[in-house]
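The following paragraphs lead through a model of two protein chains, moving from a single residue to each chain and then to the interface. Please keep the sequence and the structure in view while reading.

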Amino acid sequence: MYKYILRRFLIFIPMLFIVTVVVFTMATLAPGDPLTGEVLDPTVDPEVVEQRREALGLNDPPPVQYMNWLSEISQGNLGDSLHYSGRTVEELIMSRAPNTVYLAAFSLFITIVIGVPLGMYSARKQYTPVDYTATVFGFFGLAVPNFFFALIAVYVFSFQLGLFPPQGTISQPGLTGIDAFLDRLHHLVMPGITLGLASTAIYMRYTRSEMLDVMGQDFIRTARAKGMGEQNVLYKHTLRNALIPLITLLGFEFGTLLSGAVVTEAVFSFPGLGQLFLTGIQNQDFPLIMGINLIIAVTVLVGNLLADIMYAVVDPRIRYD
Amino acid sequence: MADKHTDKQQNVSTTQQPEPSESKQKKNDSPTKLILKRFVRNKLALAGIITLLIIITVSFSAPLLTDHDPTRTDMLNVNAEPSDEHLLGTNPSGQDNFARLLYGGQISIQIGFYITLIVTVIGVVLGSLSGYYGGRVDSLIMRVTDLFLIFPFLLLVLTVVTILEDTSLLIFVVTLGLIVWPNITRILRGSYLSLREQEYVLSARAIGASDFRIMRKHLIPNAIGPIIVNATVVMAQMIILESGLSFLGFGIPDPTPTWGKMLEEARNLGVLTQRPFEWFPPGIMIVLTVLSINFIGDGLRDAFDPKSRSRR
């Protein structure tokens, strides 16, 4: 197992390197550079601009620029935002990330608490009305675009029924303790469900099909033949084996959640990373865009690494791979 | 359930090379006919195909159903309420919403179809190279797909669309195709990997068939099930993706209507709360289209590969 983990780790390092190359290439291909605004400004002497380009290293060959950039980001400097003048990218990301983490955690909680048991129940009661209902839910969860679901939720629950706030993260500043927590939670319900909808459907279908698959295997028959109780068969043998492939799914979940967060945060005016990214896109703020891309890609990479290691720990058969 | 493994084996060989006894039993039905029979028996799939055909027919006979030009703005008649003249009212530019719904359907469906076409071709070619040759070719292609999958999909699409600046229909479709291919390539590679080990491939190789011929004559025809099923999955995803990008304001440029662009208007609170007739119909159209395509895909999956029935 340690050999496997080590080997997996050795793949991680070149991937990390390639990710930085890709982000750098995209940043280079992007139109404009930090001085574009001044090039277009007739009152600025072109020679001064040229001097500043030289000073900033913008005239260096790409590999040199890449190495400089790499040494900057390894110290945590992602550059200055063009749109939010006077603020650095890392500062902006740090200010918005917590909101997205709350949102993602809440939505992941819904996904696992609803998706997995529903899939389990559906597999146990295969071909019953409950199973069909869950299947229909699964189809709808995948067919309803999250922004359309969000629009309907806002229309019905915020404006017709007035149950949940249509936007934002808190209703008033200054709340403390349990009130602040409940207020936050109240604002998280609709974005959280919207973000978790498709994943819940996927986890449900996945759990169901994995359970059915495991239930058909010999060791389950053996367990039953030994006279093991149905509860034990279900939880100790079936579920534990059925959940193993879900780990891989979880490894990619962060990326999926972030893609979803862009749309969800846009509908609910939720000040998180997704909205920050969209603001960057709308204003062609490339340092910001690339900074977020880099952070997210690295996070996904680490997530995959952890998922693979967890997989090896949970399922010893992987050793022979 | 108990005999699942033997079941699997039999069914796999049925779909790939029907045994003579099986064919005789079914009155010499060809594999294609068997697949069709199984497909038609699936009620959801049939409902899906009928719904999809209706949506396509209605969208593409738009000129017969409305006299309005979906792109013509009418400043004297903006934000009209639904009436006989404008069935779903007009939008803030005075364009007729009903005409936009019909013509928008044409564009949304076509975008989904063409992206799927590009992605499937890339997936089939790279997937068969990767699965058939294995080794270095395989690792190279798989590492590239890994790389693509690390970047969250929507973030990557938005970044590339912004870098390109120009998003005409053609560039939009090609760009998305070039970003979406890794998933399907990985899935098809898996199919080819197992097909490569089949005896008929070995025998073809023994007679001296070239690699290209083996791929073209043996691998691709036998993988046609997964190819078509995954194409339906991609098409459903792409219709949702296009509408999502348009909703965020990064779709194809105006004045071409799409369902997603109609939904974009609901980002305005006034439209969202007061004019549901403007944003609800395109949303429902997307849901219906995607649902039908998924039902068809599921029916095809069962029809091509009956063992998957229990796994649905």
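**From one residue to the interface**

A:Thr200 is found in helix 8 of chain A, where helices (H or I, at least four residues) and strands (E, at least two) are DSSP runs numbered from the N terminus. This is a predicted model, in which local features need pLDDT of at least 70 and side-chain atom pairs count only at pLDDT 80 or more, while totals for chains, interfaces and linings use all residues. Residues are numbered from 1 along each chain as its sequence is written, chains are lettered from A and ligands numbered from 1 in the order in which they are written, and side-chain values use heavy atoms, with hydrogens and water left out.

With a relative accessible area of 4%, A:Thr200 is buried; the term buried applies under 20% relative accessible area, exposed over 50%, and partly exposed in between (1.4 Å probe, protein chains only). Which residues does A:Thr200 touch, not counting residues up to four places away in sequence? They are A:Ile110, A:Thr111, A:Ile114, A:Gly115 and A:Phe137, a contact being defined by heavy atoms within 4.5 Å. The side chain of A:Thr200 also reaches the backbone oxygen of A:Gly196, at 2.5 Å. That distance falls under the definition of a polar contact, a pair of N or O atoms within 3.5 Å; within protein, one must be able to donate a hydrogen and the other to accept it, and residues adjacent in sequence count only if both atoms are side-chain atoms.

Chain A as a whole has 13 helices and zero strands. Its C-alpha atoms fill a box of roughly 85 × 60 × 40 Å, taken along the principal axes. One pair of residues gives a sense of these dimensions: the C-alpha atoms of A:Val48 and A:His237, 189 residues apart along the chain, are separated by 72 Å. A:Val48 lies in helix 3 (residues 46-56) of chain A and is partly exposed, with a relative accessible area of 38%. Of the 321 residues of chain A, 45% count as buried. Among the contacts in chain A with a separation of 6 or more, 71% are accounted for by residues 24 or more positions apart. Chain A exposes about 16100 Å², and carbon and sulfur atoms supply 65% of this area; accessible areas come from the Shrake-Rupley method with a 1.4 Å probe, and for residues only the protein chains shown count as cover.

Two loop residues of chain A deserve attention for their backbone. A:Ser269, in the loop between helix 11 and helix 12, has a positive phi of about 40° although it is not a glycine. A:Ser269 counts as partly exposed, at 29% relative accessibility. In the loop between helix 12 and helix 13 of chain A lies A:Gln284, which is likewise not a glycine and has a positive phi of about 50°. The relative accessible area of A:Gln284 is 31%, and the residue is partly exposed.

Chain B contains 15 helices and zero strands. Of its 312 residues, 52% count as buried. Contacts between residues at least 6 apart in the sequence of chain B join residues at least 24 apart in 69% of cases. The accessible surface of chain B comes to about 14700 Å², with 61% belonging to carbon and sulfur atoms.

The two chains meet where 55 residues of chain A are in contact with 48 residues of chain B. The size of an interface is often given as the accessible area lost when the parts come together. Here the buried area, which is the accessible area (1.4 Å probe) that two parts lose on being put together, summed over both, is about 4600 Å², and carbon and sulfur atoms give 75% of it. A:Phe139, A:Phe147 and A:Phe148 supply 14% of the area that chain A buries against chain B, more than any other three residues.

How many salt bridges are counted between chain A and chain B? The count is one, a salt bridge being a side-chain nitrogen of Lys or Arg within 4 Å of a carboxyl oxygen of Asp or Glu. It joins the side chains of A:Arg205 and B:Asp298 (3.7 Å, N to O). On the side of chain A that touches chain B, the largest share, nine residues, comes from helix 13 of chain A.
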